[in-house]
Amino acid sequence: MPEVRVRFAPSPTGFLHIGGARTALFNWLFARHHGGKFVLRIEDTDTKRNTEEAMAAIYEGLEWLGLNWDEGPHVGGDFGPYLQSERTELYERYLKKLQDGSHIFEDQGALRFRSPREHVIVDDLVCGRIDFDLSNPATHPDMTIRRPDGSWIFHFVNVVDDLEMKISHVIRGEDHLSNTPKHIELIRALGATPPNYAHIPLILNRDGTKMSKRDAGARVEYYIQRGFLPAAVRNYLCLLGWSPKDDREKLDIGEIIRIFDVKNIGRSSATFDPDKLHWLNGEYARELSDENFYQLAVARLKSSGVKVDDYPEQYVRAALQTCKGKINTFDELPPYCGFYFTDDFGYDPQGAAKHFTAENRPRLKAVRDSLAALEKFDAAEVEAALKNTAAELGVKIRAIVHPVRLATTGSTVGPSLYHLLEVLGKEKVLARIDRALSTF
RNA sequence: GGCGCGUUCGUCUAGUGGUUAGGACACAGCCCUCUCAAGGCUGGUACACGGGUUCGACUCCCGUACGCGCUGCCA
C-alpha cells in the first residue's frame, strides 16, 4: 500500500466546528494508525469570508485536541504552501491542462467544467459502492470552477490540491458524498486517479438538525472555555460515528489509534449528547493526578477572578484537594469552592429557610462551643466533636451538619464538611458560625 | 421536485438468520453516606411501517414513511 496521506482542509470562515474537529480527528487517527501523514491545508479561496481569528481558532482547536499535523502551516512540508491563497499559479497550470483538453467553457465570465455526462461509481470505504447518474444536465449542471473575478471555487482547488499533495484517502463529512462523482470527473479529465474516499456521518444537534455555528456547543472554543479536558472531548468525539465494537467507552488515545479502522465507522448520523460528554469529562477529571488537578484548578480560579495568590499555596492546595473528584468540568469549580477565598458570601435562601431555624440555633451554638474547645483542629477531631455534640443533643449527625455547612460555606452542597472545616481553620470557622448565628 | 445516504431504548451504540436484543449516558428507586458527587444494586423505555424470501427475520430483498445531504459564481 502506498504511503497513507490524509488531510484536514478547513476554510477559515468561522470558528472550528465540533463536526470539523471530529473530521480532523478521524483523519488524524487514520494517519497515526497507518503510520502515514496528516496534512493540514487551509482552504481560503473565498477571501471575502476569511478571517485571521478563524484561522487562529483552527490552529488553537486542533492543538488543544492534540491533533498535531505533519505538514501544513507552521510546520511546512514538501507539498506547500499549505494555504490555498498562495497556490494560485498551480491552479492556473491545472486550468490550462483542462482547457487544453477542451473541458472548460466560459459562461458569463465564469469558467465551467464540462461534465462527460456519464455514470460515476463512487466506491466509498464507509458508504459502499454508489452509482451516480450524471447524464442529465438539468439535475447535474456543469460546475463552475472559477468566478468572473478570478477567484477559485472549492471543488476545483480541493481536487487539485489533493492530487498535488498526493492525498491517498479523502476522509470527510457525508455532506460531500454527492459532490464526489463530480470531483472524480474532474480528476479523470486531469488524467489522474481518484484517491480513496471515506464519507463519515454528520453530527446532529439534539433536535435532529445539523449542528450550526449558532449553537454554543458547536464550537471547540466553547469546550476550552468551559474547562473541559481535551482528552475527554477527543475521546467523546471518537465515539460519535465510530465504535470499538466492544463495550468500552473510555479509551486511551493510544488504544484508539491502535484499533481505529474506517470499517468500524457507522453510516448513520449521530446526535451530539452534551450530558454524555459531561459525564466522560468527569471520568477524566477524577483520574487527574493531584498536581494536574491543582494546576488546572488554580488556572481556572484565577481566570474567574478568584484571588488565590492572596492565600498561602498550602492553603490553596488543601482547599482544592477537597474538591477533587467532585466536579466534572472546571467551570464548576469557582462556585463550588469560592467560600474558601472570601468571607463575604450570602446564604443559599432555601437552605437558610430550612436550616437556620429556631430549633437549630442552640445546636449550631453547641457546635461552636465544641469546636472552640478543640486544641487540634483537623478533620478527625472535628468529626469527633460534631458527633459528640450530636450525641449530647440526642440528634442525628445530619441535623447539625447542614446548619454548620450553610454557616461556613453559604451553600447546602460542597466538599466533605470535616475536611473543609479543617482547611478553613478554627478561627475562620468560629467567626463564620458567629456571623451566621447573628442572622437568625 | 430530482439524485444520494440513513432509520435498534430519549441519546451514543453492540448485534451480520435462531439472543431473555447487550453496554453506556440520561431518568427513577434503593444502598452507602456529613451535603453533593463517586461507587453498588434495581427498574422502565428500542429493532420506523408494510410486504416478501426463509422452518425461522433486528439481521436478506422490495416498497412506504420520516430524517439528513447535494442539487451555488459557499465550503
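These legends accompany a set of close-up views of one predicted model.

Local features are described where pLDDT is at least 70 and side-chain atom pairs where it is 80 or more, while totals for chains, interfaces and linings use all residues. Residues are numbered from 1 along each chain as its sequence is written, chains are lettered from A and ligands numbered from 1 in the order in which they are written, and side-chain values use heavy atoms, with hydrogens and water left out.

**View 1. Aromatic rings meet around Tyr-223.** The whole structure holds 19 aromatic pairs, where rings of Phe, Tyr and Trp (its six-membered ring) pair if their centres lie within 6.5 Å; planes under 30 degrees apart count as stacked, over 60 as edge-to-face and the rest as tilted. Here, Tyr-222 and Tyr-223 are edge-to-face because their planes stand at 85°, with the ring centres 4.9 Å apart. Tyr-223 is buried, at 4% relative accessibility (buried is under 20% relative accessible area, exposed over 50%, partly exposed in between; 1.4 Å probe, protein chains only). Look around this pair for Phe-228, Tyr-236 and Phe-272, which belong to one aromatic cluster with Tyr-222 and Tyr-223.

**View 2. Tyr-315 and Phe-341 form an edge-to-face pair.** Their ring centres are 6.1 Å apart, and the planes make an angle of 90°. The two residues bring together distant parts of the chain, 26 residues apart: Tyr-315 belongs to helix H11 (residues 313-321), and Phe-341 to the loop between helix H12 (333-337) and helix H13 (349-355). Helices (H or I, at least four residues) and strands (E, at least two) are DSSP runs, numbered from the N terminus. Both Tyr-315 and Phe-341 are buried.

**View 3. Two arginines sit over phenylalanine rings.** The charged end of Arg-22 is 4.9 Å from the ring centre of Phe-26. Arg-361 lies over the face of Phe-440, 5.9 Å from the ring centre. For this contact, NZ of Lys or CZ of Arg must be within 6 Å of the ring centre and within 35 degrees of the ring normal.

**View 4. A hairpin joins strands S3 and S4.** S3 (residues 104-107) and S4 (residues 110-113) pair in the antiparallel sense over four bridges; pairing asks for at least two bridges found by DSSP. Opposite Ile-104 you will find Phe-113 of S4. Two residues lie between the strands, and in this hairpin Gln-108 takes a positive phi near 55°.

View 5. The search of the whole structure finds zero disulfides, a disulfide being a pair of cysteine sulfur atoms within 2.5 Å. Cys-238 is buried, with a relative accessible area of 0%.

**View 6. The largest pocket has a volume of about 1000 Å³.** On a 1 Å grid over the protein atoms alone, a pocket is an open set of points with protein on both sides within 12 Å along at least five of seven lines, a cavity is a set where a 1.4 Å probe fits but cannot get out, and lining residues have an atom within 4 Å of a point. Points are joined across faces, edges and corners, and a volume is the space filled by probe spheres set on them. The pocket lining counts 39 residues, with Ala-9, Pro-10, Ser-11, Asp-175 and His-176 nearest the centre. Helix H1 gives the largest share, five residues.

**View 7. The largest cavity has a volume of about 50 Å³.** Two cavities of 30 Å³ or more are found in the whole structure. Residues lining the largest cavity include Phe-113, Arg-117, His-140, Lys-182 and Glu-185. Glu-185 is also one of the buried residues of helix H5, where seven of ten residues are buried.

View 8. A cis peptide bond, with omega about 0°, joins Gly-80 to Pro-81. His-74 has a positive phi of about 80° although it is not a glycine, and it is exposed at 63% relative accessibility.
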